[in-house]
Amino acid sequence: MSLPVFFASAPLPQVGEATELTGPEARHAVTVKRIGPGELIQLIDGAARWAEIEVTETSGKEHLTGIAVASGECERPDPYVIVVQALPKAERSELAVDLATQAGADEIIPWQAARCIAKWQGAKRNKGVQKWQSAAAAAAKQSRRVTVPEVREPVSTAQLAQLIDGHTAVVLHEEASQPLAQLAPEFSGTVFLIVGPEGGIGEEEVALLRSAGAQPVVLGPQVLRTASAAMVALSVIGAATSRWGG
């Protein structure tokens, strides 16, 4: 069974070095998870480095000390998948990030597509990015990932077209004829996975993205909600490539 994961509150230690965990992360470990001396936990920095810690002592409600018994750094996955997620409705917004993070998204880009009901303007823009980054961090811990996907700044469709130009990109589209499962085994390097809004991607947007090199693909016979589409697509890519150890 994999170890419980916590964000390090100090620089990650090398093997044999002592370290401590404090603050909210330690409170969760000591008070909620009731982790005690002799147990093992994993500390991460969110940027691919990790350390396995044997707990030596806990004190109070939010303090834990331990010794590093193993450490390392995860390699960059191939393909490296950047999820471009059209802004969902408020009640599904953070769910989309949570599910994509659980399924292994390496980065997430919010997309203000033409048919998005949600609008990130003014203060909502920064607040939206912060909420998505918090959702990604929580999902990474829950799924026991070593890395937390970075949530980039939102882009318009025109900006997205410029961003994907020259890269491998696929756009999930229910009217496409090319199944993602057939294309995925060929993926390598950086891949942009583009997920549209609840109302679907407009034809003008599809044309613009195609002109930038994006390939429309279909997941299957069912039409998925925008919040779950990235997770399903990432699962297809994970099973078809070496991302899941295949």
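**Close-up views of a predicted model**

**View 1. The largest nonpolar core holds 59 residues, and Trp111, Ile164 and Ile194 have the most contacts inside it.** A nonpolar core here is a set of buried Ala, Val, Leu, Ile, Met, Phe, Trp, Tyr and Cys residues joined through side-chain atoms within 4.5 Å; buried means under 20% relative accessible area (1.4 Å probe, protein chains only). This is a predicted model in which local features need pLDDT of at least 70 and side-chain atom pairs count only at pLDDT 80 or more, while totals for chains, interfaces and linings use all residues. Residues are numbered from 1 along each chain as its sequence is written, and side-chain values use heavy atoms, with hydrogens and water left out.

**View 2. Meet the neighbours of Ile164.** Leaving aside residues up to four places away in sequence, Ile164 touches Ala169, Phe192, Ile194, Leu209, Ala212 and Ala214 (contact: heavy atoms within 4.5 Å). A second, separate core has 14 residues, including Val30, Leu43, Ile53 and Leu64.

**View 3. Five strands form an open sheet in the order β1-β3-β4-β5-β2, with mixed pairing.** Strands are DSSP runs of E with at least two residues, and helices are runs of H or I with at least four, numbered from the N terminus; two strands pair if DSSP finds at least two bridges between them. At the edges lie β1 (5-7) and β2 (18-22), each pairing on one side only.

**View 4. Strand β1 runs parallel to β3 (residues 40-44), joined by three bridges.** Here Phe7 of the model stands opposite Ile44 in β3.

Definitions and conventions. Buried means under 20% relative accessible area, exposed over 50%, partly exposed in between (1.4 Å probe, protein chains only).
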